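Work through the exercises below with the structure in view. Try each task before reading its solution.

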Amino acid sequence: MFCWLLTSAMLVPKAVGEWSVKDVMGHVSAWEDAYVEATVEYHRGLRPKIFDIDWDREGDVVNARLQQERAKTPVTETWRNLGRSHRAFVQA
């Protein structure tokens, strides 16, 4: 269980660039989920959708959208999601 002090420290804005530690955890979890999805698509003989993104032009927009989607997720749920996504990532 998270203690209040640790949880509040994870929410401090601009701890890592413009993001909090919680934002970074959500970012890593989102990309691990994307990797797992791409792996499933690849094994089905499909071209992973992630390859269709022009990362030079759209990468920051995609990352900002993912961060906004996870902004209201509580830190304890973000932590659980990171553990779940990482286990799936390693298995993939």
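Contact means heavy atoms within 4.5 Å. The model is predicted, so local features need pLDDT of at least 70 and side-chain atom pairs count only at pLDDT 80 or more, while totals for chains, interfaces and linings use all residues. Residues are numbered from 1 along each chain as its sequence is written, and side-chain values use heavy atoms, with hydrogens and water left out.

**Exercise 1. The chain as a whole**

Task: State how many helices and strands the chain has, and what share of its residues is buried.

Solution. 
Step 1. Helices (H or I, at least four residues) and strands (E, at least two) are DSSP runs, numbered from the N terminus.
Step 2. The chain has 4 helices and 0 strands, and the order from the N terminus is α-α-α-α.
Step 3. Buried means under 20% relative accessible area, exposed over 50%, and partly exposed in between (1.4 Å probe, protein chains only). Of the 92 residues in the chain, 26% are buried.
Step 4. The C-alpha trace spans about 45 × 30 × 15 Å along its principal axes.
Step 5. Taking contacts between residues at least 6 apart in sequence, 63% join residues at least 24 apart.

**Exercise 2. Arg 84**

Task: Find which residues Arg 84 touches, not counting those up to four places away in sequence.

Solution. 
Step 1. Locate Arg 84 in helix H4, which covers residues 75-91.
Step 2. Asp 33 lies 51 residues from Arg 84 along the chain, and their C-alpha atoms are separated by 9.2 Å.
Step 3. Arg 84 has a relative accessible area of 37%, so it counts as partly exposed.

**Exercise 3. Helices H2 and H3**

Task: Describe how the axes of H2 and H3 cross and which residues meet.

Solution. 
Step 1. Axes are lines fitted to C-alpha atoms, for helices over the stretch in contact, and angles run from 0 to 180 degrees between N-to-C directions.
Step 2. The axes of H2 (residues 21-43) and H3 (residues 55-70) come within 9 Å and cross at roughly 115 degrees.
Step 3. On the H2 side, the residues that meet H3 include Lys 22, Asp 23, His 27 and Trp 31. Among their partners in H3 are Trp 55, Val 62, Gln 67 and Arg 70.
Step 4. Ala, Val, Leu, Ile, Met, Phe, Trp, Tyr, Cys and Pro count as nonpolar, Asp, Glu, Lys and Arg as charged, and the others, Gly among them, as polar. The contact of H2 with H3 has 5 nonpolar, 4 polar and 4 charged residues.

**Exercise 4. Cavity and pocket**

Task: Name the residues that line the largest cavity, and state which helix gives the most to the lining of the largest pocket.

Solution. 
Step 1. On a 1 Å grid over the protein atoms alone, a cavity is a set of points where a 1.4 Å probe fits but cannot get out; a pocket is an open set with protein on both sides within 12 Å along at least five of seven lines; lining residues have an atom within 4 Å of a point. Grid points are joined across faces, edges and corners, and a volume is the space filled by probe spheres set on the points.
Step 2. The largest cavity holds about 40 Å³ and is lined by Lys 22, Asp 23, Gly 26, His 27, Gln 67, Arg 70 and Thr 78. H2 contributes the most to this lining, 4 residues.
Step 3. The largest pocket holds about 270 Å³. H2 supplies the largest share of its lining, 7 residues.
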